[in-house]
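Open the model in your viewer and keep the selection panel handy. The tour below goes stop by stop.

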Amino acid sequence: MSPSGPDVIKQIRSQIDEVDPAEVQRQAANGAVLVDVRETEEFEAGHIPGAKHVPRGYLESRIETAVPDRDAHVILYCASGQRSALAAHTLQELLGYRNVESMTGGITLWKDRGYDVDVPRTLSREQRERYSRHLLVPEVGVEGQQKLLDAKVLLLGAGGLGSPAALYLAAAGVGTLGIVDNDEVDLSNLQRQVVHTTDRIGVPKVDSAEETVTAINPDVKVVKYPVRLDASNIMETIEGYDVVVDGLDNFPTRYLLNDASVRLRIPVVSAAILGFDGQLSVFAPYEGPCYRCLFREPPPAELAPSCGANGVLGVLPGVMGLLQATEAIKLIIGQGDPLIGRLLLYDALGATFTTVKVNRDPECPICSRDPDSISDEEMGVFPDYEAFCAAAG
Ligand SMILES: [Zn+2]
C-alpha cells in the first residue's frame, strides 16, 4: 500500500532542518538568505523584508538565479511551513544545497510573533498611465509616485495661492488634500482663484475646490475644514499632515501657524504676495529658520497688507502657488534642495528671482526651545487682530 500524503510530508519533515521564526530573524541578520516559496499573489500581499521570491512551482528552474551559492545558508518559508519543508527537501536532496532550513509555522507564525512584514505596493494599470510622465522621471518613479499617493498635504486657504497649488497637487496624485477655508466664492475672486468657477459664486470655497480637485483626479481624497483657524483648533487641524502649504492672508494666523507647526514639527511652505511682488520660503522646524526667526515682530499695522483688500496681479499668486506646490512635492519625494533657510523673492515687473539666505535665530522665542515646552497659551501670541487692523485705519 502506498503511503498517504500526510505520511510522506511527515517523513520528509523528519529529514530536513526546521527552524523557529525567532531564530530566522537572528539568522537573517547574520546573512542567511530568506526565500519565499509561495505564489505571486501571496508574496505581493506581504512578505518578510528582504526575502527573495521563488514560487515552489519554479523552484528547480529559478533557485540558482536567486541563490547561486550552494553553500549559502538558505531559509525557506511559505504560509504555514509545509510547502517550504517540501521545497527544502528538494533543494537538499535533488539540487545539492548543503545548508537549507525551513521556517516552522510559515509567515503566519512570523506575523503572530509581531515581526516585520513588507507589503509591496503596485500602481494600478490606470495609475501607471495617469502618472506615466512622473514614472519616466528618475527622481519620481514608482517609489516617488507612491510617496505622493501616501502624502497628506494641508492647504491653508483655497484662494489665490491655494487654487493653483490645489490643481497641481491634485494632478500630481497627492493622496490626501486637506483644505481650510471658511469663505464663499465671490465674483472678485475669479480673477486669480482658478480652482473656482463663475457658476459656483456663493458656494463655500472648500466645496468648490473639492469639486474641481476630484474632477481632475479621483485618486485624491479631499478633507474639508470650513473653519477660521484660531488657537482653539489649529493643533488638531494641522496634526497628521506631512506638509502645510500656507496661503494665509493675515499675520496673526501666520504666527499662530508657525508656532503650532514648530510644536508638531510639520514643514510649512509659505508664500506671500502683494502687487507684483512675491516671496517664498520653506520653514522646516529645527532644520532651518521658522517664520518668527525671520520676522520676530509683525510689521507695523499701517504697513500690514492683511487687513483690507489689496491689489494684486492675478497671475502672481498663480506663479507663487505653483512654486509652493513644487516645494511641497520635493519635500514629499525627498528630492532636490528644498527652500529651507532661503527666501525667494520674485519681482514680476522686473522679471527677476532673487534668493536671500536666512538663518535660524538662536534667540527665537519659539524654535530655540524644546517643542514640548511651548504651551498653548504661548502660541500665536500677537496683538489682538481686530485692534491690530483698527490701528491700520
Ligand atoms: Zn524660529
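Which residues does Leu 177 touch, not counting residues up to four places away in sequence? Select Val 153, Leu 155, Ala 166, Leu 169, Ala 170, Val 213, Val 220, Lys 221, Val 222 and Val 223. Touching here means contact, with heavy atoms within 4.5 Å.

Before moving on, note that this is a predicted model: local features need pLDDT of at least 70, side-chain atom pairs count only at pLDDT 80 or more, and totals for chains, interfaces and linings use all residues. Residues are numbered from 1 along each chain as its sequence is written, and side-chain values use heavy atoms, with hydrogens and water left out.

Next, show the largest nonpolar core, which has 41 residues. A nonpolar core is a set of buried Ala, Val, Leu, Ile, Met, Phe, Trp, Tyr and Cys residues joined through side-chain atoms within 4.5 Å. Buried means under 20% relative accessible area, with a 1.4 Å probe and protein chains only. Val 153, Leu 155, Leu 169, Val 174 and Leu 177 touch the most other members. Helix α15 (residues 315-333) gives the largest share of this core, seven residues. Helices are DSSP runs (H or I, at least four residues), numbered from the N terminus.

Cys 364 is buried, at 1% relative accessibility. Now pick Cys 367: buried too, with a relative accessible area of 1%.

Last, select α9 (residues 141-150) with α15. Gly 144, Lys 147 and Leu 148 in α9 meet Ile 329, Ile 332 and Ile 333 in α15.

Methods: Buried < 20%, exposed > 50% of the residue type's maximum accessible area, 1.4 Å probe, protein only. Helix = DSSP H or I, 4+ residues; strand = E, 2+ residues; numbered from the N terminus. Axes fitted to C-alpha atoms, helices over the stretch in contact; angles between N-to-C directions.
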